[in-house]
Amino acid sequence: MQSADARFHRKSLLLALKRYGAAISHMEQTVLLPSLLRDIPSDDTGDSESAAESDRDLYDTFLMLKAVRNTVENGLVPPDDRVSKSSVLAKTLESLLDSDPELVFRFHLRGLFAVMSALTEKTQSLTDRYMDIIGFSK
């Protein structure tokens, strides 16, 4: 009998989403008091990190990771202020899709894999930091 992960190819989008969902579930089960994460700076020091993201504490990161999971599970609902921007972007993308839709799909799929991997790592890091905060190490 195959494990659940063995059914999917190693580079499968479904597997990447499943791993992220599992990491979020583990984080939610572990982090019983999210308020303990307030005012603890995130230790992410990536080169591509923006100034706004560097001011984010672990509590904000916790909320962001859960929000991303909700979007993955329930679909994307654009906020009212972004509706006009998304319609302009859709018109621009239509011309790209007409030229080579497979190339555009592969580009976005690679980006999605990178984002899902980064979010999964961030979720696992936050869970480990919380365990350190409450004094329970692996």
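Colleague: In which helix do Glu73 and Arg69 lie, and how many residues apart are they?

Modeller: Both are in helix 3, four residues apart, which is about one turn of the helix. Helices here are DSSP runs of H or I with at least four residues, strands are runs of E with at least two, and both are numbered from the N terminus. An α-helix has 3.6 residues a turn, so residues three or four places apart point the same way.

Colleague: What should I know about the model before going on?

Modeller: It is a predicted model, in which local features need pLDDT of at least 70 and side-chain atom pairs count only at pLDDT 80 or more, while totals for chains, interfaces and linings use all residues. Residues are numbered from 1 along each chain as its sequence is written, and side-chain values use heavy atoms, with hydrogens and water left out.

Colleague: What does the secondary structure of the chain come to?

Modeller: There are five helices and zero strands. From the N terminus on, the order is α-α-α-α-α.

Colleague: What makes Glu73 and Arg69 a salt bridge?

Modeller: The term requires a side-chain nitrogen of Lys or Arg within 4 Å of a carboxyl oxygen of Asp or Glu. For Glu73 and Arg69 the closest N and O atoms are 3.8 Å apart, so the pair qualifies. Salt bridges that share partners join Glu28, Lys66, Arg69 and Glu73 into one network.

Colleague: How many salt bridges does a search of the whole structure find?

Modeller: Three. One of them is Glu28 with Lys66, where the closest N and O atoms are 3.5 Å apart. Glu28 is in helix 1 and Lys66 in helix 3, 38 residues apart. Arg69 and Glu28 also meet in a salt bridge, at 2.9 Å from N to O. Arg69 lies in helix 3 and Glu28 in helix 1, so this pair ties together parts that are 41 residues apart in sequence.

Colleague: Why is Arg69 called buried?

Modeller: Buried means under 20% relative accessible area, exposed means over 50%, and partly exposed is in between, with a 1.4 Å probe and protein chains only. Arg69 has 12% relative accessibility, so it counts as buried. Leaving out residues up to four places away in sequence, Arg69 touches Tyr20, Ile24 and Glu28, where contact means heavy atoms within 4.5 Å.

Colleague: Are Glu73 and Glu28 buried, exposed or partly exposed?

Modeller: Glu73, at 55% relative accessibility, counts as exposed. Glu28, at 26%, counts as partly exposed. Lys66, at 25%, is also partly exposed.

Colleague: How do you know that the buried residues of helix 3 line one face?

Modeller: Those residues are Leu58, Tyr59, Thr61, Phe62, Leu65 and Arg69. Seen down the axis of helix 3, they fall within an arc of 165°, so they line one face of the helix. The arc is that of the directions from the helix axis to the C-beta atoms. What covers these residues includes helix 1 and helix 5.

Colleague: How do you know that the length of helix 3 is close to what is expected?

Modeller: The expected span is 1.5 Å times one less than the number of residues. Helix 3 has 17 residues and reaches 24 Å from its first C-alpha to its last, close to the expected 24 Å. Helix 5 has 33 residues and reaches 47 Å, close to the expected 48 Å. Helix 3 is followed by Gly75, with a positive phi near 95°, and helix 5 by Gly135, with a positive phi near 85°.

Colleague: What makes a set of residues a nonpolar core?

Modeller: The members must be buried Ala, Val, Leu, Ile, Met, Phe, Trp, Tyr or Cys residues, joined through side-chain atoms within 4.5 Å. The largest such core has 15 residues, and those touching the most other members are Tyr20, Met27, Val31, Leu37, Phe62, Leu65 and Leu126. Helix 1 (13-30), helix 3 (58-74) and helix 5 (101-133) each give two or more residues to this core. Leu37 has contacts including Val31, Phe62, Leu126 and Ile133. In soluble globular proteins, nonpolar side chains tend to be buried together.

Colleague: Why does Ser42 count as buried?

Modeller: Its relative accessibility is 17%, which is under the 20% limit, so Ser42 counts as buried. Ser42 is in the loop between helix 1 and helix 2 (51-54). Its contacts beyond four places in sequence are Arg56, Asp57, Leu58, Thr61 and Arg129.

Colleague: How much of the chain counts as buried?

Modeller: Of its 138 residues, 21%.
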